[in-house]
Amino acid sequence: MGALIFVVALVVVAVVLVFAGVKTVNQGFNWTIERFGKYTRTLAPGLHLIVPFIDRVGRKMNMQENVLDIPAQKVITKDNATVQVDAVAFYQVIDAARAAYEVQNLHLAITNLALTNIRSVMGNMALDEVLSKRNEINNTLLAVIDQATNPWGVKVLRIELKDIAPPEDIVVAMGRQMKAEREKRATILEAEGVRESSIQRAQGEKQSAILIAEGKREAAFREAEARERQAEAEARATAVVAQAIAGNGTQAINYFLGTKYVEALAKMGASNNAKMFFLPVEAAGVMASIAGIGELAKEAQARAAEAARPRGSVPPSG
Amino acid sequence: MTIVFWYWWALAAVLLVSEMMLPGVVFLFLAIGAAACGLLLLVAPAAALEFQLFLFAIVAVASAVLLRRSLRRLQGRGDEALNERGKAMIGRTFVLDQPILNGRGRLTLGDGSWIVTGPDMAAGARVRVAAVEGTELKVEPAP
């Protein structure tokens with residue numbers, strides 16, 4: 001009977017031994033082993049045998065990449081604007097033992113590290129920089145936080161600022177600024193257009209004025225030329241008349257005067273509103289000059305006859 | 001009630017089912033112990049109950065110790081770099097973007113930057129990752 005009790009106890013011990021000694025670590029986890037409470041080794045994924053009663057599984061660390069939401073917080077920038085910022089961090093436990101024993105609450109530690117570093121990095125920047133240099137901020141945060149978490153056997157792989165929200169009134173002001181800048185540009189462009197067009201118009205007017213003046217100048221030149229030519233022609237005509245006078249005496253003059261008189265009388269007669277007109281006192285002179293024309297014709301006839309005779313040809317007719 | 005070998009084999013079967021249903025490789029060894037007892041009864045049906053239980057206890061523990069190596073071989077090597085970001089870097093060559101001073105420096109790889117340890121080198125030197133210690137990469141000058 002005693003032997004049976006002992007053997008049953010032995011079976012119980014064996015079962016407990018198997019349960020305590022055989023450890024299967026799943027992929028994605030690392031288990032730390034403590035011998036009498038002190039860390040001795042880390043179990044990688046797979047089947048393991050530990051010494052029961054002496055060794056004990058300490059922490060079961062998740063070795064997968066982990067996402068950590070950094071809660072929103074208010075940050076005061078260098079130019080005293082208050083912005084609301086939240087972020088997301090990705091980290092992975094690289095060294096299970098250090099992550100298990102070097103830091104008490106890993107999540108809380110990384111979260112607080114990120115919060116304070118976001119404040120210090122963004123506090124060093126003006127609002128405009130904060131809004132436009134996200135990538136730079138992310139990189140700075142990553143470098144600082146990764147360095148700080150290194151002793152914990154944790155690698156921070158990525159930190160991203162999720163949302164940067166300036167206060168409502170600043171957003172409105174930024175919108176107004178943007179609008180004003182666009183309007184300024186539009187106004188400048190418009191003014192430039194007006195300037196350009198008035199310059200073009202003035203240039204056109206100048207050009208046309210120059211052309212008109214040139215035209216006038218040319219016309220004047222030509223007119224002067226014409227007058228010169230006319231004067232020349234008159235001079236020549238006068239010369240011819242003078243020659244004629246020198247040749248035929250007063251009768252030639254009388255011819256000219258006579259034709260003019262007759263022309264003037266014809267004009268007076270053609271006038272339709274005055275049928276009564278006065279003849280100058282010397283009207284008789286007109287008749288005399290007409291008679292002179294007759295004399296002239298006779299003289300010319302005589303001269304022609306004289307010219308024709310020596311050749312002995314047919315006498316000139318009428 | 002006399003115990004026949006079937007009883008032990010039935011227990012072994014139950015334990016095997018438990019092994020499949022429950023996490024961890026624990027019941028497998030108990031099942032081996034039970035199967036061994038069944039085998040014993042098959043050979044020597046008159047064995048005492050005490051001896052059977054003793055055998056069960058011894059075989060269960062011994063199988064756990066002895067089979068560990070062969071089972072480990074069975075689980076294969078798999079992807080050693082899975083979940084081990086550092087191990088994936090071993091053997092690869094990189095260009096230092098910061099010098100290694102006093103045996104320590106930093107190297108930007110992909111998204112993150114790693115602490116590198118090794119002989120002092122200027123930035124721009126080509127290095128090969130020789131080993132990984134926690135979050136630090138041990139590097140040596142690349143040929």
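Guide: A residue is buried under 20% relative accessible area, exposed over 50%, and partly exposed in between (1.4 Å probe, protein chains only). The model is predicted: local features need pLDDT of at least 70 and side-chain atom pairs 80 or more, while totals for chains, interfaces and linings use all residues. Residues count from 1 along each chain as written, chains are lettered from A and ligands numbered from 1 in written order, and side-chain values use heavy atoms, without hydrogens or water.

Over all chains, the whole structure holds 11 salt bridges (a Lys or Arg side-chain nitrogen within 4 Å of an Asp or Glu carboxyl oxygen).

Start in chain B, where Glu136(B) and Arg104(B) form a salt bridge with their closest N and O atoms 3.2 Å apart. Glu136(B) belongs to strand β5 (residues 136-141) of chain B and Arg104(B) to strand β2 (residues 104-109) of chain B, so the pair ties together parts 32 residues apart in sequence. Helices (H or I, at least four residues) and strands (E, at least two) are DSSP runs numbered from the N terminus.

Chain A, which has eight helices and eight strands, supplies the next pair. Glu218(A) and Arg222(A) meet through their side chains in a salt bridge of 3.2 Å, N to O. Both sit in helix α6 (residues 168-248) of chain A, and because they are four residues apart there, about one helical turn separates them. An α-helix has 3.6 residues a turn, so residues three or four places apart point the same way. Glu218(A) is partly exposed at 37% relative accessibility, while Arg222(A) has a relative accessible area of 53% and is exposed.

Also in chain A, the side chains of Glu160(A) and Arg158(A) meet in a salt bridge of 2.6 Å, N to O. Here Glu160(A) is partly exposed, with a relative accessible area of 27%. Arg158(A) is partly exposed too, at 32%. For a setting, buried residues make up 27% of the 318 residues in chain A.
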